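Thank you all for coming.

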There are 2 protein chains.
Amino acid sequence: MRLSETTVAVVGLGLMGGSLAMALRGQCARLLGVARSGATARAALKAGVVDAVCSLEGAAREADLVVLATPVRHIVATIPGTAALMRPGSVLMDLGSTKVRVVEAMNSIPQESGVAAIGGHPMCGKEVGGLESADATLFRGATFVLTPTLRTTDEALRLARELVAAVGARAVVLEAAQHDRAVAVISHLPYLLASALVQTEAQASECDPITGRLAASGYRDTSRLAASQTEMMLDILLTNRQGVEEALDMFEAQLGRARALLADPEGLKEWMIDAQKRRRGMFQ
Amino acid sequence: MRLSETTVAVVGLGLMGGSLAMALRGQCARLLGVARSGATARAALKAGVVDAVCSLEGAAREADLVVLATPVRHIVATIPGTAALMRPGSVLMDLGSTKVRVVEAMNSIPQESGVAAIGGHPMCGKEVGGLESADATLFRGATFVLTPTLRTTDEALRLARELVAAVGARAVVLEAAQHDRAVAVISHLPYLLASALVQTEAQASECDPITGRLAASGYRDTSRLAASQTEMMLDILLTNRQGVEEALDMFEAQLGRARALLADPEGLKEWMIDAQKRRRGMFQ
């Protein structure tokens, strides 16, 4: 099954699903969209983001490839019922930001259904959500993690790789548990730091309102993720609690070290230079 | 003394001093520059950033307004000797990122010298330093804190306000202690969070190198300040230790609250929505 001959259904037309549909335009035979709200469905149709909108059931029955692009707990809850309606030989995929729970649900799809399934997580996003923020170029140059399941066939992996390449991303195949540990550190931890920073600013500004008024570009960037969609982020934190707690353990130890080093200028300088070198080498 | 009739000396031609000189071009009678390195002095002359380069002593003797734009501990150490060479009626100012220690040093300038002094801190910057990063528009739209001292005359405050307006910034007059408490929360804390996040990523990537490879725009922004100039940041942290420790106390309590709420989805959601609303309302 070539992507160009495939009917793709995107379930959830928010930032990620909407962007995926836009990026797949002209690269598959037909694009179906499933949206929670009628307004989003109408907007997607009107903007030509999809060829048709339908129910989840209709999409499951009709599509060769179904991509679940809703918050993670909804994806997990949706997998059994969706797979039960899909045709043998069709492929189920998702764009959820945590993968262990998704892969568990995909592993439970009855083998005799003949439905293949593979987890996916494109490493990109924006702090604003919704179809109105969707962007056909969102995935360009991004790493797109694929997590195989017990239901991943060679054909499903090939099709998933073709989809990743079609939207301009680079596929990286990982175990779900390895993925979840890594994103806890480089994605979920930064979100919690940003939110706790904003709560700290709020508390300090209650004592002295000048605090927030002095905020400039440094605060703006460090706190940006606190503006993320909370529905999506809540599901992420709740489905990766162990990874998040381990990342918090590591971070709190590092911050405690920084605090202790305030009494040791030479040691503090070394710690700062280490971080500076690593960060300057990271995004070139 | 009008700015347009003033000989201004900028001491330190890095990001802040260089940008100030560029922004003051054509708005004062003469611009003198003092640089630690001969290469920077030559580059500043060649690029027409200043009219002449000279020694700190020469600048102190000749200028009507001397602006110290070096790291804070250097500013503090430089104030007595510089003021001792300045003419009665001239004004000493600085661009240091912490103000209590600077104001203390300015308060100690002998009253009989007739030298006026006022602290300054423009709330803007970049994580890269040096004259090559300097930018005449850096101060545009920024808040520029002025901290009066025992040596601040009406005339000095007026000239400082004129300078702030001339570079396109908005003056806010604050007590030094109030300034230092506020910037500990919205500037120094974010720097430490970014650096501790990078150290956490480094530690996690030692166990599994995929961690850093999955970093995307969220990590990039949250960690950006870790790339800041360490010489400048070290001085900031060391001259505002109490403020930084109080900010760390508040932040650690907030992060501990987030961790506890991982077991309470409804409470976590509320905490996340609070932070989201506050952050979305902050930068419009």
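Before I describe any pairing, let me give the one term we need: two strands are said to pair if DSSP finds at least two bridges between them. Please also keep in mind throughout that what you see here is a predicted model.

With that in hand, look at chain B, where strand 5, residues 91-94, and strand 6, residues 116-122, pair in the parallel sense over three bridges. Within this part of the chain, Val91(B) stands opposite Ala116(B), which belongs to strand 6 of chain B. Packed on the sheet here is helix 5 of chain B, residues 100-107, which touches strand 5, strand 6 and strand 7 (143-148) of chain B, and whose direction makes about 170° with that of strand 6 of chain B.

Stepping back to the whole sheet of chain B, we find that it is open, that it has eight strands in the order 3-2-1-4-5-6-7-8, and that the pairing is mixed. Which strands stand at the edges? They are strand 3 (52-53) and strand 8 (170-173) of chain B, and because each has a single partner strand, one side of each is left without a neighbour in the sheet.

Helix 4 of chain B, residues 72-85, packs with helix 5 of chain B at an angle of about 5°, their axes being 9 Å apart. An angle under 35 degrees counts as roughly parallel, and helix 4 and helix 5 of chain B are therefore roughly parallel to each other. On the side of helix 4 of chain B the residues are Val72(B), Ile75(B), Val76(B), Ile79(B) and Pro80(B), and they meet Arg101(B), Val102(B), Ala105(B) and Met106(B) in helix 5 of chain B. Sorted by class, this contact has eight nonpolar residues, no polar ones and one charged.

Let me turn to chain A, where the sheet is again open, with eight strands in the order 3-2-1-4-5-6-7-8 and mixed pairing. Its edge strands are strand 3 (52-53) and strand 8 (170-173) of chain A, each of which pairs on one side only. In this chain, strand 6, residues 116-122, and strand 7, residues 143-148, pair in the antiparallel sense over five bridges, and Gly119(A) stands opposite Thr147(A) in strand 7 of chain A. Helix 1 of chain A, residues 15-24, packs on the sheet and touches strand 1 (7-11), strand 2 (30-34) and strand 4 (65-68) of chain A, its direction making about 160° with that of strand 1 of chain A.

Still in chain A, the axes of helix 7 and of helix 11, residues 241-261, come within 8 Å and cross at roughly 60°, and these two helices of chain A are therefore oblique to each other. Helix 7 of chain A passes helix 11 of chain A in a right-handed crossing. Among the residues that make this contact are Asp180(A) and Arg181(A) of helix 7 of chain A, and Glu246(A) and Phe251(A) of helix 11 of chain A.

Now to the meeting of the two chains. The axes of helix 7 of chain A and helix 7 of chain B, residues 176-207 in each, come within 11 Å and cross at roughly 160°. The two helices are therefore roughly antiparallel to each other. Their contact includes Leu189(A), Pro190(A) and Leu193(A) of helix 7 of chain A, together with Leu189(B), Pro190(B) and Leu193(B) of helix 7 of chain B. By class, it has 14 nonpolar, two polar and two charged residues.

How many residues does each chain bring to the contact as a whole? Chain A and chain B bring 77 residues each, and on the side of chain B that touches chain A, helix 7 of chain B gives the most, with 23 residues. The residues of that side of chain B divide into 46 nonpolar, 17 polar and 14 charged.

Finally, the symmetry: a rotation of 180° with 0.0 Å of shift along its axis superposes chain B on chain A, with an RMSD of 0.0 Å. That is the relation of a two-fold axis. Among the residues of chain B, Thr222(B) comes closest to the rotation axis, its C-alpha being at 2.1 Å. The same surface serves both copies, for 100% of the contact residues of chain B recur in chain A.

Key:
Residues are numbered from 1 along each chain as its sequence is written. Chains are lettered from A and ligands numbered from 1 in the order in which they are written. This is a predicted model: local features need pLDDT of at least 70, side-chain atom pairs count only at pLDDT 80 or more; totals for chains, interfaces and linings use all residues. Helices (H or I, at least four residues) and strands (E, at least two) are DSSP runs, numbered from the N terminus. Two residues are in contact if their C-beta atoms, placed from the backbone, lie within 7 Å. Axes are lines fitted to C-alpha atoms, for helices over the stretch in contact, and angles run from 0 to 180 degrees between N-to-C directions. Angles under 35 degrees count as roughly parallel, over 145 as roughly antiparallel, 65 to 115 as roughly perpendicular and the rest as oblique. Ala, Val, Leu, Ile, Met, Phe, Trp, Tyr, Cys and Pro count as nonpolar, Asp, Glu, Lys and Arg as charged, and the others, Gly among them, as polar. Copies are superposed by least squares on the C-alpha atoms of residues with pLDDT of at least 70 in both. A crossing is left-handed if the near helix is turned anticlockwise from the far one by less than a right angle, and right-handed if clockwise.
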